[in-house]
Amino acid sequence: VKGTMELINYKGLEIQMKISKQVEGEVVSAEGSERTFKTAKRLNQVNPTSVIEWRPKLAKGAKRTFEYTYSVYVSAR
């Protein structure tokens with residue numbers, strides 16, 4: 001699964017952000033991510049719960065896009 005997140009700073013000053021995204025699956029890649037980790041939830045399941053964290057700084061009026069990819073196992077019934 002591939003996802004995209006777009007940020008735009010509409011404030012009149014530079015801002016520091018902390019963003020976290022929880023996914024059900026294994027994180028393959030997360031562009032610009034500070035860290036990725038698995039939570040204690042669903043550790044014994046086929047698709048564990050993973051969290052991606054970003055801490056970008058955005059200048060006044062700046063726009064930034066982040067892409068992330070994670071794998072999910074689906075039953076073949």
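The model is predicted. The chain has eight strands and zero helices. Its radius of gyration is 15 Å, well over the 11 Å that the globule rule gives for 77 residues, so the chain is more spread out than a compact globule.

**Overall form**

- From the N terminus on, the elements of the chain run β-β-β-β-β-β-β-β.
- Taken along the principal axes, the box filled by the C-alpha atoms is roughly 50 × 25 × 15 Å.
- Of the 77 residues in the chain, 29% are buried.

**The sheet E1-E8-E4**

- Three strands form this open sheet, in the order E1-E8-E4, and the pairing is antiparallel.
- The edge strands are E1 and E4, where E4 covers residues 26-30; each of these two pairs on one side only.
- Direction ignored, neighbouring strands of this sheet are turned by 25° against each other on average.
- Strand E1 spans residues 2-8, and strand E8 spans residues 63-71.
- Seven bridges link E1 and E8, which pair in the antiparallel sense.
- On this side of E8, Lys63 is the bridge partner of Ile8.
- Four bridges join E4 to E8, and these two strands also run antiparallel.
- Ser29 has Thr69 in E8 as its bridge partner.
- Ala30 stands opposite Tyr68 in E8.
- In a regular strand the side chains alternate between the two faces of the sheet.

**The sheet E3-E6-E5**

- Three strands form this open sheet, in the order E3-E6-E5, and the pairing is antiparallel.
- The edge strands are E3 (19-24) and E5 (35-38), each of which pairs on one side only.
- Neighbouring strands here are turned by 20° against each other on average, direction ignored.
- Strand E6 covers residues 49-54 and is joined to E3 by six bridges, with the two strands running antiparallel.
- One of the residue pairs is Ile19 with its bridge partner Trp54 in E6.

**Tyr68, a buried residue**

- Tyr68 has its place in strand E8, where Ala30 stands opposite Tyr68.
- Is Tyr68 buried or exposed? Its relative accessible area is 10%, and buried means under 20%, so Tyr68 counts as buried.
- Between Tyr68 and Pro48 there are 20 residues of separation in sequence and 16 Å in space, C-alpha to C-alpha.

- Val1 lies in the segment before strand E1.
- Is Val1 buried or exposed? The relative accessibility of Val1 is 54%, and exposed means over 50%, so Val1 counts as exposed.
- Which residues make the nonpolar surface patch? Val1, Val72 and Val74 make this patch, and its area is about 280 Å².

**Points to keep**

- The chain has strands but zero helices, and the chain is more spread out than a compact globule.
- Tyr68 is buried, whereas Val1 is exposed.

Definitions and conventions. Residues numbered from 1 in each chain as written. Predicted model: local features only at pLDDT ≥ 70, side-chain atom pairs only at ≥ 80, totals over all residues. Heavy atoms only, no water. Patch = residues over 30% accessible without salt bridge, like charges linked within 9 Å, V, L, I, M, F, W, Y side chains within 5 Å. Areas by Shrake-Rupley, 256 points an atom, 1.4 Å probe, with all protein chains shown as cover. Salt bridge = Lys/Arg side-chain N within 4 Å of Asp/Glu carboxyl O. Buried < 20%, exposed > 50% of the residue type's maximum accessible area, 1.4 Å probe, protein only. Pairing = 2+ DSSP bridges. Axes fitted to C-alpha atoms, helices over the stretch in contact; angles between N-to-C directions. Rg over C-alpha atoms; globule rule 2.2 N^0.38 Å.
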